[in-house]
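Trainee: Hi! Could you walk me through this structure, pockets and all?
Mentor: Happy to, let's look at it together.

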Amino acid sequence: MCGIVAYIGEKEAFPIVLKGLKRLEYRGYDSAGIAVNNGEELNVYKKQGKVVELENFAKDKDTSGGTAIGHTRWATHGKPNDENAHPHTSDNEKYAIVHNGIIENYAVLKEELIQRGHVFKSETDTEVLIHLISDIIEKQQCDLFEATRQALNEVIGAYAIVVISKDNPNEIIAAKKSSPLVIGIGKDDFYIGSDATPIVEYTKNVVYLEDGEIARLSLDSGLTLKTIQNETKTPYIQELEMKIEALEKGGYNHFMQKEIFEQPRSIRDCMRGRLMLNENYISLGGIEAYQDKIFAAKRLIIIACGTSWHAGIVGEYLLEELSRIPVEVEYASEFRYRNPIIDEDDVVIAISQSGETADTLAAIELAKSKGATIIGICNVVNSTIARATDCGAYTHAGPEIGVASTKAFTGQVTVLTLISLLFGKNNGEIDPARFSRLMIEMNAIPEKVEEVLKSDSYIKEIAEIYKDSHNALFLGRGINFPVALEGALKLKEISYIHAEGYPAAEMKHGPIALIDEEMPVFVIATQDASYEKVVSNIQEVKARKGKVIAIVTKGDKDVRKIADHVIEIPRTDDMLVPLLATIPLQLLSYHVSVMRGCNVDQPRNLAKSVTVE
Ligand code: G6P
C-alpha cells in the first residue's frame, strides 16, 4: 500500500513524478503529495484525495526543479487529510521523506523526539523518521545518507523510503525493508518507484533494492549501495520486460474492463511453453525440480489472501482430484499468527498477484524458518514474494491495474491446473487418457473464454435489472464453490452491494432465511457431477420467490425452465469450469459498478497491493 515515485536528473522532475503517481494510484488513493527541489527551495505540495487533486492544486505553483519525491497514500496511522499526506518534512524544512510501510516503534521514538524539542505536524508514523534523520545530522554533522542509515537502525517495522535534502539537490537517498522499491537507471538520471510501472517508459535498466539496503543516487557519483549495517554492496542491474502499452487502457473505459477482455490472451500466455499439446507434456521446470520433495510431503499448504485465496481453494479441488495430494488452504493472515504445525517435510504454495502482500510474505517467512519448501505463484515479475520462494511459476497475466483482480485470478487457476496435471501425471494418479483429454480441453480454454465474453451485452442487461439490489447470494458446489466466493467478492468490492458466496447446499443452514423476491441469487449450475443437486438448490430458491441467475452449460434446457435468467458457457471438463464460469461474474460486477456510478478501478477503502498487515 502507498505508492512512491522519485526522480533526479536534468529533466523537470514534477511532471515525471506526478505521472508516476497516477500509475501507482492502485496502491492507495486517499491523498498525494510531491516535494520538489529547484536548487534554492524545497517546495512541498500535498492534498487529500486522488493524484488529480494534487495536480490541480499545484497548477499555479512553482513546481520547477530536477529532483522530486512523491507519494500516493493509503492511510494507516492518521486519517486521510492534507497534514497526514506525504512528503513529511523536518522542523527546519530542510529534509523531506516519503514512506510506504509502518514504523512499529514510532510512539517511543516520537516521545523521545518531542522531548528533544521536535514539533510534529501530522499523526503519521512516518514523520518520526524525518525528525530522527535531521536530529542525527544536527548532532553528528554527518550527511543525509549516513543519518538515514543510522536512523533506520533504530526503527522496527516495514519501510520503503526516499529522502531528499534542500541543501543537496544532486542526490536522493532510498532504502527498503519489507516494502518494495525499484531504482531505474537512466542515461544521466535516476527514477524510483514502488514498482517498475512509473519507470518503464524512461529506462529498462533497473535495480530492485533488497531488504536492509540503502542507496545513494547521486548526479555526481552515480548509484552506490550499502546495507544499513554499513557493508558495501554491488548493485545488480536487471532489464525490464514490461511494455508501456500494458499500462494503458487501450480503448476500454476502465482497466478492469480491459483486463477482463484480455483473459483469452493472458490465459494463453500463461500456458505458452508449458502446455505442450503435441508432445502431451507439461513443462514447469522450476517446480518439477522440487517434485520429489512435493510427493514426499504429507500435504501441500496453500497460503494467500483475497482473490488469490479463492484461487487457492480452486487449487485444492484440482490438486486433490487430479494428483491425489492432500491440500490445506489457509488465509496467510491466520496462518502466520496461529503457531501452525509445519516442518521441513511440508511444501507451501504461496499465491499472490502483486507478490507484495504483507501477510502472505510473513507467512512464507514463517514457513521458511521451519524448513518448509515454498512454491510461489505470482504475477508481478521479480516481486518480493517471487524472490522469497524456492521455486515457482509466474502467471504472465501482464500488469493488472484495476484493484479488483480478474485476469490474475484466471492466471492463478491456470497455473494451479498445470501443476495438478503435472503432479497427477508424474505420480501416476491420473490415467493417460484423462490427462490427454484435459490437455486438449485446457488448450481450448482461451477460445472458450472468448466465446463467454460475447455475452457481455446480455450480461449488461442482467446487471441493469439487479443493479439496485442491496444483497446478493452466490452459490456453487464442488470446484465451483470458490467461484461463488469470488463472484460475491467482486460484486461487493466494486459496487458496494452486500454479497455472500456459499456452497449451494449450505444455503439451507442460514442464507435461505434471507431469500425473498428482492434477492438475486447467482448460481453456477453447469452440467457436472453435482448438477442435479444444484438444480434442487435452485428449486429451493424459487420456492421462496428468489430471483435466480444461473450460469449453465451451453444448450442446457432444465435450468432454463426454472431460472429467471441463464448465462451459457461452453462445455468443458468439470475441473476447468472455474476458468469459464468466473468470467460472467466479473462482467456482471463490472457493469453493476459502472451503473451505480462507483469507481470501478479504485473502489473506496481498498488498495491493490496490501503491504501492511
Ligand atoms: C487486495 C486486492 C485483491 C487481492 C488481495 C491479495 O485485497 O485488492 O485484489 O486479491 O489484495 O493480493 P495479492 O497481490 O497477494 O494477490
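Mentor: One definition before we start: domain bounds come from an automatic or database domain assignment. This is a predicted model, where local features need pLDDT of at least 70, side-chain atom pairs count only at pLDDT 80 or more, and totals for chains, interfaces and linings use all residues. Residues are numbered from 1 along each chain as its sequence is written, and side-chain values use heavy atoms, with hydrogens and water left out.

Trainee: Which domains does the assignment give for the chain?
Mentor: The assignment gives domain 1 (3-246), domain 2 (250-453) and domain 3 (454-600).

Trainee: And where does the largest pocket lie?
Mentor: Domain 1 and domain 2 both give residues to its lining, so the largest pocket lies between them. A pocket here is found on a 1 Å grid over the protein atoms alone: it is an open set of points where a 1.4 Å probe fits, with protein on both sides within 12 Å along at least five of seven lines, and lining residues have an atom within 4 Å of a point.

Trainee: What volume does the largest pocket have?
Mentor: About 870 Å³, where a volume is the space filled by probe spheres set on the points, and grid points are joined across faces, edges and corners. Of the 42 residues that line the largest pocket, the closest to its centre are Met242, Asn379, Val381, Gly398 and Pro399.

Trainee: What classes of residue are in that lining?
Mentor: The lining of the largest pocket has 15 nonpolar, 12 polar and 15 charged residues. For these classes, Ala, Val, Leu, Ile, Met, Phe, Trp, Tyr, Cys and Pro count as nonpolar, Asp, Glu, Lys and Arg as charged, and the others, Gly among them, as polar.

Trainee: OK, how about the second largest pocket, which domains does its lining draw on?
Mentor: At least three residues come from each of domain 2 and domain 3. The second largest pocket holds about 670 Å³ of space. Of its 35 lining residues, Cys305, Gly306, Thr307, Leu489 and Glu493 are the closest to the centre. By class, that lining has 16 nonpolar, 13 polar and six charged residues.

Trainee: Let's zoom out. How many helices and strands are in the chain?
Mentor: The chain has 20 helices and 27 strands, taken as DSSP runs numbered from the N terminus (helices are H or I, at least four residues; strands are E, at least two). The C-alpha trace spans about 80 × 55 × 45 Å along its principal axes.

Trainee: How many of the residues count as buried?
Mentor: Of the 613 residues, 61% count as buried, meaning under 20% relative accessible area with a 1.4 Å probe and protein chains only.

Trainee: Back to the domains: how far apart are the centres of domain 1 and domain 2?
Mentor: Their C-alpha centres lie 34 Å apart. In domain 1, 12 residues are in contact with 10 residues of domain 2, contact being heavy atoms within 4.5 Å.

Trainee: Can we pick some residues? Is Thr357 buried or exposed?
Mentor: Thr357 is buried, with a relative accessible area of 13%. Thr357 sits in the loop between β20 and α12. Leaving aside neighbours within four places in sequence, Thr357 is in contact with Cys305, Ser352, Ile385 and Val610.

Trainee: And where is Leu24?
Mentor: Leu24 is in the loop between α1 (13-23) and β2 (31-37). Leu24 is buried, with a relative accessible area of 0%.

Technical notes: Buried < 20%, exposed > 50% of the residue type's maximum accessible area, 1.4 Å probe, protein only.
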